[in-house]
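Please look over the sequence and the model below before reading on. The paragraphs after them are meant to be read with both in view.

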Amino acid sequence: MTIPHFKSQHDWEAFTQIFDSQWHCKKALLDRVKDDMFPNTSWNGLTAKSIEIINDIVTNLLYDVDRKFKETHQDYKTEDDELFIPYRSFKENVTEALKEAIAQHDEWCHPESGIAGNFELGGK
């Protein structure tokens, strides 16, 4: 996703209004999950891993809620909603892609080794 080259100041303002609205919604949801999981803790008091987990929870919930909402409110459904793709984190997608690339590399460059299917990221 890229930021478009705006044709006018009005278009830029419309874009940033949508962004601001979406950000305030996401921030409120992040705060809600943080406050439930870590009461009386500021964002500064959390580790990077905790923040990542909070974001993953919110993202997963948004995906599930959006799907369930559209199931019960059919007038919000679009063609794309008919395709159900389970949410996975960016990290999971990248890890899988790297494993596949390494396996393909080993198969092409070292077909005799037979290690393509036995390699895991992280040195295992």
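What follows goes from the overall layout to the helices and then to the core.

This is a predicted model, and the protein in it contains three helices and zero strands, so that reading along the sequence gives the pattern α-α-α. Of its 124 residues, 10% count as buried, and the protein exposes about 10300 Å², of which carbon and sulfur atoms supply 58%. Among the contacts with a separation of 6 or more, 32% come from residues 24 or more positions apart.

Two of the helices can be followed in detail. Helix α1 covers residues 9–37; it has 29 residues and reaches 41 Å from its first C-alpha to its last, close to the 42 Å expected at 1.5 Å a residue. Helix α2, which runs through residues 48–72, has 25 residues and reaches 36 Å between its first and last C-alpha, close to the expected 36 Å.

The buried residues of α1 are T16, L30, V33 and K34, and what covers them includes α2. In α2 the buried residues are S50, I54, V58, T59 and K70, and α1 is in turn included in what covers these.

Which residues form the largest nonpolar core? The five are L30, V33, L46, I54 and V58, and the elements giving two or more residues to this core are α1 and α2.

Note on methods. Residues are numbered from 1 along each chain as its sequence is written. This is a predicted model: local features need pLDDT of at least 70, side-chain atom pairs count only at pLDDT 80 or more; totals for chains, interfaces and linings use all residues. Side-chain values use heavy atoms; hydrogens and water are left out. Helices (H or I, at least four residues) and strands (E, at least two) are DSSP runs, numbered from the N terminus. The expected span of a helix is 1.5 Å times one less than its number of residues. Buried means under 20% relative accessible area, exposed over 50%, partly exposed in between (1.4 Å probe, protein chains only). Contact means heavy atoms within 4.5 Å. A nonpolar core is a set of buried Ala, Val, Leu, Ile, Met, Phe, Trp, Tyr and Cys residues joined through side-chain atoms within 4.5 Å. Accessible areas come from the Shrake-Rupley method with a 1.4 Å probe; for residues, only the protein chains shown count as cover.
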